[in-house]
Every structure is written in C-alpha cells, then in structure tokens.
Amino acid sequence: MAQGNYDHPSYLTRQLASAGVTTAGANGTSTSGITFPWDVNIHTIAAQVKTAGTSTGHTVSVIAGTATIGTVTLSTNTAGFVGTSADAKTKVIAGTPINLKNGTDATGVAYVTFDYNIAPD
C-alpha cells in the first residue's frame with residue numbers, strides 16, 4: 001500500500017495534459033494554457049499541426065511563467081503531423097501559468113499536449 005509521496009501512483013505515473021491550441025502569429029504567446037494547483041514535473045511535449053506553417057523554422061514553445069521549458073519543431077509539415085520534444089525534465093511550481101508561443105511563423109497553428117507527474121517533494 002502506498003505510504004507517501006514517493007510511492008503513491010499519483011506521483012509515480014505520468015499523466016497527459018492539454019495546453020490548448022496555439023494562436024497564429026509570429027512570436028505570439030497564446031493564453032490558452034494551463035495552471036496546476038500542485039508542483040509538477042513536465043516531460044515530453046507533443047504538438048499536432050492544425051494549420052500548416054509557411055516557414056521551415058516554424059516551432060511551438062511551452063513557456064512556464066517567463067521561462068521556455070521545451071520546443072517542438074513543426075516546419076512546414078501538413079495538418080495532422082505530430083512533432084515531439086526531448087524530455088524537458090522541468091519542475092513547474094504550483095500556480096505558475098503554462099502558455100504556448102509560436103516561433104517566427106505567422107500562420108502555423110498546433111494542438112499542444114505534454115506529459116507530467118506530480119512532483120513528490
């Protein structure tokens with residue numbers, strides 16, 4: 001039986017969260033993000049293209065507060081393409097807003113999700 005934070009399933013298993021959809025526009029920050037009531041560790045970020053970008057440098061970043069915690073490269077891939085980031089391995093403190101930011105592409109839009117676990121400490 002789980003006795004505490006380090007062996008309870010809520011802290012050990014990774015869960016999926018939707019950060020929403022990016023807003024088209026170069027370097028635009030989307031406000032459709034998410035905030036958690038507890039500290040979380042963010043891991044892999046995935047972005048699925050909704051509207052293809054026109055720039056080979058099209059990226060989507062996940063921002064916690066003012067810090068970029070992960071970026072997914074989408075380039076000019078068509079709708080439906082899914083890109084992922086490396087494991088962000090980033091702790092985000094409870095109540096910190098997590099938002100999305102487009103790179104230099106003015107037209108690209110993507111759905112963004114990431115996996116996380118509740119920080120056991």
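Colleague: Before we look at any pair, what is a salt bridge?

Modeller: A salt bridge is a side-chain nitrogen of Lys or Arg within 4 Å of a carboxyl oxygen of Asp or Glu. This is a predicted model, in which local features need pLDDT of at least 70 and side-chain atom pairs count only at pLDDT 80 or more, while totals for chains, interfaces and linings use all residues. Residues are numbered from 1 along each chain as its sequence is written, and side-chain values use heavy atoms, with hydrogens and water left out.

Colleague: How many salt bridges does the structure hold?

Modeller: The structure holds three. In one of them, aspartate 87 pairs with arginine 14, and the closest N and O atoms are 3.4 Å apart.

Colleague: Why does that pair tie together parts that are apart in sequence?

Modeller: Aspartate 87 lies in the loop between strand E6 (82-84) and strand E7 (90-92), and arginine 14 in the loop between helix H1 (9-12) and strand E1 (15-21), so the pair links parts that are 73 residues apart in sequence. Helices (H or I, at least four residues) and strands (E, at least two) are DSSP runs, numbered from the N terminus.

Colleague: Which other salt bridge does arginine 14 form?

Modeller: Arginine 14 also forms one with aspartate 115, with the closest N and O atoms 3.2 Å apart. Aspartate 115 lies in strand E9 (residues 109-118) and arginine 14 in the loop between H1 and E1, so this pair ties together parts that are 101 residues apart in sequence.

Colleague: Is aspartate 115 buried or exposed?

Modeller: Aspartate 115 counts as buried, at 15% relative accessibility. Buried means under 20% relative accessible area, exposed over 50%, and partly exposed in between (1.4 Å probe, protein chains only). Arginine 14 is partly exposed at 47%, and aspartate 87 is partly exposed at 29%.

Colleague: Which side chains meet in the salt bridge at 3.9 Å?

Modeller: Those of lysine 91 and aspartate 39 meet there, N to O. Lysine 91 lies in strand E7 and aspartate 39 in the loop between strand E2 (29-34) and strand E3 (40-51), so the pair ties together parts that are 52 residues apart in sequence. Lysine 91 is partly exposed, with a relative accessible area of 36%.

Colleague: Changing topic, how do strands E4 and E5 run?

Modeller: Strand E4 (residues 59-64) and strand E5 (residues 67-73) run antiparallel, joined by six bridges; two strands pair if DSSP finds at least two bridges between them. E4 and E5 form a hairpin with two residues between them, and glycine 65 in the turn has a positive phi of about 70°. Isoleucine 63 stands opposite threonine 68 in E5.

Colleague: And what does threonine 71 touch?

Modeller: Threonine 71, found in strand E5, touches Thr59, Val60, Ser61 and Ser85, not counting residues up to four places away in sequence. Contact means heavy atoms within 4.5 Å. The side chain of threonine 71 also makes a polar contact with the side chain of serine 61 (3.0 Å). A polar contact is a pair of N or O atoms within 3.5 Å; within protein, one must be able to donate a hydrogen and the other to accept it, and residues adjacent in sequence count only if both atoms are side-chain atoms.
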